[in-house]
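Here's a quick briefing to read alongside the model. Have the sequence and the 3D view open as you go.

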Amino acid sequence: MGGSDPSGRLVRPFTLTGGRTRPSRADFTLITTVTAADPQPETASRPQPEHTRILRLCARPMAVAELAARLDLPVSVVVIMLCDLLEAGRITVRPPRPVTTPDPDLLQKVREGLGRL
């Protein structure tokens, strides 16, 4: 996408978001995984070309940061467009799994075991 259309005209990010500067949801992070809904809802309106490109890229699960990089758009712009798609039922979103710290006793046993090798 590169911020421009095929004819070389510049497409400003605010036109992609309809002038919005803030997403309607605050639960997207850089590592949130996005996947296109399959099948796409029949009742949803026809998506814009930029939304269609996101849906194609998200045929397989993709992180928000990777999606923004592939679209060559700021993450903030991509998140606003993802909010539109989520509200239309066109994508599913999976938040990152919480990281748990391992048991210190287990780590110590592993360290001692490795020291014996």
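What follows covers the sheet, one of its residues, the nonpolar core and a helix.

Keep in mind that this is a predicted model. Its sheet is an open one, built from three antiparallel strands in the order β2-β1-β3. The largest nonpolar core has 21 residues, and α4 gives the largest share of them, seven residues.

**The sheet**
- β2 (62–63) and β3 (91–94) sit at the edges with a single partner strand each, so one side of each has no neighbour in the sheet.
- Strand β1 (residues 33–36) runs antiparallel to β2, and two bridges join them.

- T33 belongs to strand β1 and stands opposite A63 in β2.
- With a relative accessibility of 16%, T33 falls under the 20% cut-off, so T33 counts as buried.
- Setting aside neighbours within four places in sequence, T33 touches P61, M62, A63, T92, V93 and R94.

**The nonpolar core**
- F28, V34, I54, L67, V78 and L82 have the most contacts inside the largest core.
- β1, α2 (49–57), α3 (64–71) and α4 (75–87) each put in at least two residues of this core.
- I54 is in contact with L67, L71, M81, L82 and L85, again leaving out neighbours within four places in sequence.
- As a rule, nonpolar side chains in soluble globular proteins tend to be buried together.

**Helix α5**
- At 1.5 Å a residue, the twelve residues of α5 (residues 104–115) should span 16 Å, and the end C-alpha atoms agree with that at 16 Å apart.
- α5 is hardly covered: the count of buried residues among its twelve is zero.

Key. Residues are numbered from 1 along each chain as its sequence is written. This is a predicted model: local features need pLDDT of at least 70, side-chain atom pairs count only at pLDDT 80 or more; totals for chains, interfaces and linings use all residues. Side-chain values use heavy atoms; hydrogens and water are left out. Two strands pair if DSSP finds at least two bridges between them. Helices (H or I, at least four residues) and strands (E, at least two) are DSSP runs, numbered from the N terminus. The expected span of a helix is 1.5 Å times one less than its number of residues. Buried means under 20% relative accessible area, exposed over 50%, partly exposed in between (1.4 Å probe, protein chains only). Contact means heavy atoms within 4.5 Å. A nonpolar core is a set of buried Ala, Val, Leu, Ile, Met, Phe, Trp, Tyr and Cys residues joined through side-chain atoms within 4.5 Å.
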